[in-house]
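User: Could you walk me through this protein model? I'm new to reading structures.

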Amino acid sequence: MLIGYIRVSKSDGSQTLAPQRDALLAAGIDPSRIYEDLASGRHDARPGLTACLKALQPGNTLVIWKLDRLGRDLRHLVLTAEALRERGVGLKVLTGAGAQIDTTSANGRLAFGIFAAFAEFERELIAERTQAGLAAARARGRLGGRPRKMDRATLSMAMTAMSDRGAIAADVARRLGITTTTLYAYVNGDGSPKAPGQALLDGIPFRKEQTQAA
């Protein structure tokens with residue numbers, strides 16, 4: 001089954017989803033299986049993408065117009081592509097720099113494998129930086145490294161990862177370089193943001209009194 005996702009950054013009418021929708025319809029996707037967002041790729045929450053990722057099942061193929069419609073940045077794109085591969089979900093890109101990616105073909109599977117290699121390379125770099133940081137900390141008399149703080153990019157990746165019913169919180173936290181406690185402070189088990197997470201997405205300082213008053 002083909003499932004599509006489309007997005008434009010502005011909801012003020014200056015951008016339209018029509019070209020992307022037309023391309024996905026021409027690729028054979030049922031209109032009822034096209035998910036959409038009117039949101040900035042970098043800062044805004046994307047409920048359409050969250051719903052799309054939840055709907056995908058093993059054997060499905062996610063179809064997008066261009067790679068930049070899916071990922072907020074290279075890190076998010078690599079992690080999302082890797083998560084799809086692990087779930088047995090294909091990825092097909094219709095145009096742009098990633099148009100060679102189509103896991104229904106041999107060449108496309110090779111391109112998809114490159115994404116997996118990037119993800120593995122990224123994990124190794126994170127592990128190396130962590131070990132180097134811990135070694136430097138021990139040399140200065142400290143017993144551990146400082147946990148990474150949550151930022152918008154990390155939060156968005158955490159929400160996307162946790163929206164997968166099969167996600168394991170500890171694995172998600174480890175992959176993002178944060179603690180499980182930090183993860184659950186910002187994200188619910190279904191991938192939706194908690195009050196501190198929503199405040200971070202909205203760019204609003206969060207205080208504990210806000211939760212108590214709610």
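This is a predicted model: local features need pLDDT of at least 70, side-chain atom pairs count only at pLDDT 80 or more; totals for chains, interfaces and linings use all residues.

User: Which residue of strand 3 is the bridge partner of Gly4?

Analyst: Strand 1 and strand 3 pair in the parallel sense, over four bridges. Gly4 has its bridge partner in strand 3, and that partner is Val63.

User: How wide is the arc that holds the buried residues of helix 2?

Analyst: Helix 2 covers residues 47-55, and its buried residues are Gly48, Leu49, Cys52 and Leu53. Looking down the helix axis, you'd see them on one face, because they fall within an arc of 130°.

User: Is Gln57 buried, exposed or partly exposed?

Analyst: Gln57 sits in the loop between helix 2 and strand 3 (61-64). Its relative accessible area is 44%. Buried needs under 20% and exposed needs over 50%, so Gln57 counts as partly exposed.

User: Which element gives the most residues to the largest nonpolar core?

Analyst: That core has 16 residues, and Leu56, Leu62 and Ile64 are among those with the most contacts inside it. Strand 1 (2-8), helix 2, strand 3, helix 3 (74-86) and strand 4 (90-93) each supply at least two. With three residues, the top contributor is helix 2.

How values were computed. Residues are numbered from 1 along each chain as its sequence is written. Side-chain values use heavy atoms; hydrogens and water are left out. Buried means under 20% relative accessible area, exposed over 50%, partly exposed in between (1.4 Å probe, protein chains only). The arc is that of the directions from the helix axis to the C-beta atoms. A nonpolar core is a set of buried Ala, Val, Leu, Ile, Met, Phe, Trp, Tyr and Cys residues joined through side-chain atoms within 4.5 Å. Two strands pair if DSSP finds at least two bridges between them.
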